[in-house]
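The entries follow the order in which I looked them up.

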Amino acid sequence: MRSHYDVVVIGGGIIGLSTAYAVTRAAPGRSVAVLEKEPALARHQSGRNSGVIHSGIYYRPGSFKARFALRGAREMVEFCAAHGIAHEVTGKLIVATTAPELPRLADLARRGEQHGIPVRTLGVREIAEHEPHVRGLAAVHVGTTGVADYPAVARRFAELAARDGAEVHLGCEVLALTRAPDGVMVHTTAGEVRAGVLVNCAGLHSDRVARMAGDEPGVRIIPFRGEYYELAERSRGLVRNLVYPVPDPAFPFLGVHLTRDVHGGVHVGPNAVLAAAREGYRWRDFRAREAADIAGWPGLRRVARRHWRREVGELWRSASKTAFTAAVRRMLPDVTRNDLVRAPAGVRAQAVRADGTLVDDFLFTGAGPFVHVLNAPSPAATASLPIGREIAARALRTLE
Ligand SMILES: Cc1cc2nc3c(=O)[nH]c(=O)nc-3n(C[C@H](O)[C@H](O)[C@H](O)COP(=O)(O)OP(=O)(O)OC[C@H]3O[C@@H](n4cnc5c(N)ncnc54)[C@H](O)[C@@H]3O)c2cc1C
């Protein structure tokens with residue numbers, strides 16, 4: 001590792017790597033390093049997600065999410081095609097299974113049209129033509145949704161950035177940050193390095209890194225574990241492509257869905273269970289300091305008060321496979337408990353404000369030599385190319 005870089009990025013997930021790639025393209029003369037604490041890239045959110053290329057249908061017009069997802073979905077398909085990365089534009093169904101969901105489904109169809117996304121509303125018979133085993137009162141078919149191998153995309157960003165001179169350091173954890181006259185001194189497990197600008201893409205740890213920088217981010221990352229099952233091989237025929245429920249507008253997660261991935265497997269999940277550790281992939285993963293830090297944030301108590309009913313349901317479905325199966329059977333009545341096999345979980349880095357608001361949009365902050373990415377939830381993998389360019393532009397403006 002050199003002693004100085006113009007841009008140091010913390011985090012070898014898809015966002016940090018896309019940022020490094022974008023910096024090398026926008027400013028070829030600038031030196032860039034990515035510091036990643038794990039021994040390999042994309043070990044956290046970027047390697048533990050649903051693998052969906054989101055169309056952008058869900059997002060409020062004018063939000064970062066809408067802007068980046070619409071453009072990002074197109075770019076992701078082009079990028080995967082250009083670099084030989086497994087992907088497919090499959091389309092998906094959003095299915096209403098109860099009468100109260102019908103107006104929300106109609107709202108989604110209208111929003112899709114506003115965004116210029118190819119959407120079609122389907123009745124019971126047409127649902128069966130797309131997905132013979134799925135039951136619903138009505139559905140919206142979204143033409144531009146797909147699936148991609150995001151860990152492979154992240155690795156390709158790293159290769160492209162490295163080809164243009166960026167360095168990626170694995171097993172290099174950032175422990176502390178101090179201000180230096182011309183930037184930031186970064187203290188890591190592999191030694192010290194100076195950065196002209198420090199870009200914080202630390203995902204589940206991004207609020208901690210912001211506090212290391214002496215910035216109070218005004219949010220805390222609350223980890224929400226998303227548990228998955230997969231359909232046993234003999235039952236994969238129950239689902240052709242992607243099937244989603246109508247999301248609860250009060251909650252920023254999309255609900256348990258059925259996703260045929262790029263390798264032919266079908267994932268069922270994720271739920272959204274409060275985790276007791278930032279990297280709490282299993283129930284037994286508990287870190288006393290992290291749990292105390294999370295529990296001490298006033299926003300968490302407010303989230304708990306607002307969403308306790310829903311969270312109790314999520315915990316129950318997490319603890320009981322029978323309850324999880326029953327929830328899936330609302331959309332897929334032929335599925336049985338024995339068709340579902342446990343699969344690895346992911347943990348979402350959800351930023352929560354002190355007043356208990358779950359931050360819905362992407363959140364970038366930073367002053368002086370710091371750019372912090374404090375909320376990069378789904379569809380950030382889909383939108384990683386335009387998000388990387390946005391963060392790179394902020395970093396380069398800071399340098400200038
Ligand atoms: C269950 C789940 C399902 C999802 N489904 C989808 C989907 O279908 N489609 C979609 O578009 N998006 C989806 N997402 C969202 C998407 O995966 C994330 O938005 C995206 O991966 C965020 O990338 P990131 O680089 O910000 O974070 P991460 O991938 O978490 O990367 C952050 C990196 O920072 C490193 N790091 C942290 N602290 C330090 C430190 N101190 N020093 C050095 N390194 C550090 C970590 O080890 C990690 O590798 C999903 C997310 C989850 C969890």
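**Helix packing.** I began with a pair of helices and found that α1 passes α5 in a left-handed crossing. By the convention I used, a crossing is left-handed if the near helix is turned anticlockwise from the far one by less than a right angle, and right-handed if clockwise. The model is predicted: local features need pLDDT of at least 70, side-chain atom pairs count only at pLDDT 80 or more, and totals for chains, interfaces and linings use all residues. Residues are numbered from 1 along each chain as its sequence is written, and side-chain values use heavy atoms, with hydrogens and water left out.

I noted the helix and strand labels as DSSP runs numbered from the N terminus (helices H or I, at least four residues; strands E, at least two). The axes of α1 (residues 14–26) and α5 (residues 150–163) come within 8 Å and cross at roughly 30°. α1 is therefore roughly parallel to α5. The axes are lines fitted to C-alpha atoms, for helices over the stretch in contact, and angles run from 0 to 180 degrees between N-to-C directions. Angles under 35 degrees count as roughly parallel, over 145 as roughly antiparallel, 65 to 115 as roughly perpendicular and the rest as oblique.

I then took α1 with α10 (residues 384–399): their axes are 7 Å apart, at an angle of about 60°. This makes α1 oblique to α10, and the crossing is right-handed.

**Second largest pocket.** I recorded a volume of about 590 Å³ for the second largest pocket. Among its 23 lining residues, E101, P245, V246, R310 and R330 are the closest to its centre. On a 1 Å grid over the protein atoms alone, a pocket is an open set of points with protein on both sides within 12 Å along at least five of seven lines, a cavity is a set where a 1.4 Å probe fits but cannot get out, and lining residues have an atom within 4 Å of a point. I found that α3 (101–114), α8 (298–319) and α9 (321–329) each supply at least two residues of this lining. Domain 2 (92–143) and domain 3 (221–353) both contribute to the lining, so the pocket lies between them.

**Cavity.** My search of the whole structure gave 1 cavity of 30 Å³ or more. The largest cavity holds about 30 Å³ of space. Its lining includes P270, R310, E314 and R348.

**Backbone.** I noted a cis peptide bond between G269 and P270, with omega about 0°; P270 is in the loop between β16 (266–269) and β17 (273–274). The bond from S378 to P379 is also cis, with omega near 10°, and P379 lies in the loop between β20 (370–375) and α10. Lastly, A42 has a positive phi of about 55° although it is not a glycine; A42 is in the loop between β2 (32–35) and β3 (52–53).

Conventions:
Points joined across faces, edges and corners; volume = space filled by probe spheres on them. Domains from an automatic or database assignment.
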